[in-house]
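Here are a few notes to read alongside the model. Have a look at it first, then work through the points below.

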Amino acid sequence: MKEWHKQFDWLLLFCWGALAIIGLVAIYSATQGPVSEFLPSYIQNNFSNQVIWIFISALAIILLQFTAPRSFIQISVLFYIACLILGIMTVFWGTESGGATRWLVIGGLRIQISEFMKLATILVVAQYLTSRRDISAEKVGPALTSVLLMIIPASIVLLQNDTGTALVMLSLIPVMLFWSGLPYGISLFIVSPAVVGYFAILNWQLGIIVAILLTIGVFLIQRRPSLTLVTFVVGMLIVIGVQVALYQILQPYQQARIEAFINPSLDPEGAGWNVMQAKTAIGSGGIFGKGFLEGTQTQLRFLPEQWTDFIFPVIAEEFGFIGAGLVLILFGMLLLRLLYNAGEHKHPFAQLVMVGITGILFMHVLINIGSATGLLPVIGLPLPFVSYGGSSFLANSIMIGICLNLRLHQRSFSTF
Amino acid sequence: MSNLSVNNRVQTSIKVLQFIVVAVLLVIMGRMFQLQILDYEKYGPLSQQNTILRESVSPARGLILDRHGQLIVNNEPTYTITITPSNFRRENIPLLSRLMGKSEEEIQNQLLRAQNYSWHRPSRMFTEVDFETFSAIQENLWRLPGIGHQVDSRRNYPSEVRASHLLGYLREVTEQEYERSGRYRLGDRAGRIGIERVYEEYLRGELGTSYQRVNALGQMVGMYDDGRHDVNPTKGADIYTTIDKNLQALAEELMKGKIGGLVAMDPNDGSILSLVSAPQFEIEKLSGKIDREYWHSVNVDSTRPMFNRAISTQQPPGSTIKPMMGIVGQELELIDPDHTVYCDGAFVRGRRYHCLTDHGNQNLEQAITNSCNTYFFSLMNDIINEVDLNTWSRLTSDLGFGNRTGIDLPYETTGILPDSSYYDRIFGVNRWGPGDLINLGIGQGSFSVSPIQMAAFTSMLATGGTLHKPRLVDRLVFPDNTYIEPERSSQTVDWLNISHLESVRKGMVGATTEGSGRYYLEHMQGFDAAGKTGTSQNPHGLNHGWFITYAPIEEPEIAIAVLLENSGFGSVSAAPIAALLMEYYFNGETTQWIKDHVLNFEPTSRPEEEEEEVIEEIIQ
């Protein structure tokens, strides 16, 4: 490995480092700025904690580069089972925060198992789908097994009341199956309920239109009348189901959230408050922002959870469209680079791991920024590498570390 | 699947996924563009409004001073202890309880109330705490997070003058006033009666505005833009009244324990020197937070302390109306100064109308000096028979009776000046006759007047035919030292022949030197006075005593009307009060035994015929 620095993906590391630094700046503003006056001391400590976690994560990334890629295949099952057990323990003995049971305290360390569970799931599904030549998502049996492997951890996370993370895990299903050979049409069919559901929440007529468009898409790609019919029927059922759920099934607080998403100004003091304040923070940032530590929405405590779920509005308020745009470009570079690396890699396990990690990070970015900008209902999820949170940062960094490793050892990690 | 097709599929899949990533990021970018650039005009101001709290700042209320610029009403600070529940620590309750001198339960209750209002905004916990408690809290503020203070103000009365009816008090504005005016905030106080009410608009001042920065919890975090947009409140105008502070204080002292009204004014311009209604209410007890018990007791008190007897009561004037009768009689050419009536102790027309004694032949001057009823019964009889009642009513009205004088105080009465339509209404058409009217000649019957009307009439008499509108305020001085003077107005009685006043005045001078007004005035040196006593019959109890007077005779400077209800003879009840005021006004001192007599005065129920004997007993 003489020419290792030529093989190493510096661009990916740069994106990681740049986002971590932007995150630190934003966390500093959100917890150490004038706003600190209104914050309890344990939150003011977030900044220094994050610095420590970044060092730990950097160390982890470095150490990961000395590992043989094959070891990821080897430990995947063990890692997956360990995460499932710890996840179940979290359900029973976890610490609550904001209505969700997320942390497991082990020897004084608060660990959010769900963050690592995402990685474990990717590894184990990638391992399973590439373990034998006859296993492929094209076949019903292996496809269902893969789905089961992903639904189990998602259910455990759901039991912890962490809807956001569960949603991210479920989103792995189409990504992983799509990559491992599921026909495009069926992939589109799998994704269609989520897409139709989103538009049906906005407006039921729009939901029907989108369902019809997707049906046409499925037909054009696959040319299978039965699948086309099923896509259409499912789409319609989703539209109806969403309407029923909105007014019959959902808990009042969930209804309020959806309501607040559709029209935040209806209830600006209640459920719509967070969204209104986040949008106000972003909008009032303008092109250049109000300046570091100068954001009134941030510094006067108008943003909820501004060091985690609502950290993006902090950046948008204080650094404007330029700052927010930079973050989006960095994420774009990171995600596209990961996909590019996956396409370049010859080993299907490595490909699948990189695509899965891309999917996870992408969903986090989409849901976090979508929530803050009012494009999606508010679902509490951290923004990778930017939001405060040790477990999240470490887990995401390990993912990047694995991707770097797979790229670095691309030649030695040959197919069978 | 061949290796080639696998590779194809990988490349296609990468393209699809990259397309999705780029598409979603572009959508988000577009959303950012919309929020930050297209909608910036909307969200920029919204974030400003979020953090800026506009607050009104109360101005200091104007002062009230006397005619020599001596302070009568000013403001004193009151201290309020506030609590912000989110910052308050419960373990501090015992300390707070000790410092405040309140029980822990009371503090608990106030904390609960504050929590119900808001966790993050300061609530008033204890209002009007005394300065010692306030200082104790101040010293310990560092140990008491969440505890704050607020300085408000209330009216203070630094002199001995209380003048409760004249000054008036403040109460919180009602919801209707709040909605109607737009100038008040809820919880603001406005003048309810007296000068405080009439000149509310000037005393009040202009609200200021301050802009504070607040956080999402509503906590103040400082000035907005260094206070550059703040508007300072404008202090209310100071009111220089026409009151003479010392005279007012003496009048209040002399009226203590009595029921009645007193008005002293400058007959040359209608400015009020002193105005007292007795009993007074305790104005200090209504200056700050209302003492509910006191408020209740004042309102159920049978002597009605809130009622302003100087301007709102209406009582028969009794013999004090005789000078007026003399003027009207001469105008109607029914009498002249030489016209005499023989008094044998009564006037007979249908029945006997009693006089106090048999005065013999009386001309106008003598009839006023001796307060001969027969003379005025006869005059009234002539008026009814030879002129008519309504002409008498019209002329009497021109002299100020039956109308409001227009003093700048609310709730002034018109009194009752009867005419034929009045009797038609009360008794029925053709159900009344001369027998009901002859009494009017000596100020009895349906005729009723207020002390302020009598004072205005006396002033007119003293200075020769001009009715000045009584006024309490000389000028309103604004903070920038500009001032306005309330409009003065006067009315000349155009039909009045000045020469007709001569024998009336002489009669009144006689009343203070040899008649029923003399007993106290004859002991006083340094000024001469004209006056007339009156004792009006009261079917409900003891008679009411009246006295009207002015002095000096030649160039009058002061005119006084005193009414004491249920006090018996005006000569011993009302007259000494007026005499002492004049003595003080001219000499700066008072005769002690007369003052003692007034202060210890006990009304008598002896009949009118025994007035001389009663007086003998008192004077000796």
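1. In what order do the five strands of the open sheet in chain B run? The order is β12-β11-β23-β22-β21, and the pairing is antiparallel. Strands here are DSSP runs (E, at least two residues; helices are H or I, at least four), numbered from the N terminus, and two of them pair if DSSP finds at least two bridges between them.

2. Before going on, note that this is a predicted model: local features need pLDDT of at least 70, side-chain atom pairs count only at pLDDT 80 or more, and totals for chains, interfaces and linings use all residues. Residues are numbered from 1 along each chain as its sequence is written, while chains are lettered from A and ligands numbered from 1 in the order in which they are written.

3. At the edges of the sheet sit β12 (272-278) and β21 (530-536) of chain B, each pairing on one side only. From one strand to the next, the twist averages 5 degrees.

4. Look next at β11 (260-265) and β23 (558-564) of chain B, which pair in the antiparallel sense over six bridges. Here B:Met265 stands opposite B:Ala559 of β23(B).

5. Helix α10 (245-255) of chain B packs on the sheet, where it touches β11 and β12 of chain B. Its direction makes about 25 degrees with that of β12(B) (axes are lines fitted to C-alpha atoms, for helices over the stretch in contact, and angles run from 0 to 180 degrees between N-to-C directions).

6. Now the chain contact: 30 residues come from chain B and 37 from chain A, with contact meaning C-beta atoms, placed from the backbone, within 7 Å. On chain B's side, α1(B) gives the most, with 17 residues.

Key: Two residues are in contact if their C-beta atoms, placed from the backbone, lie within 7 Å.
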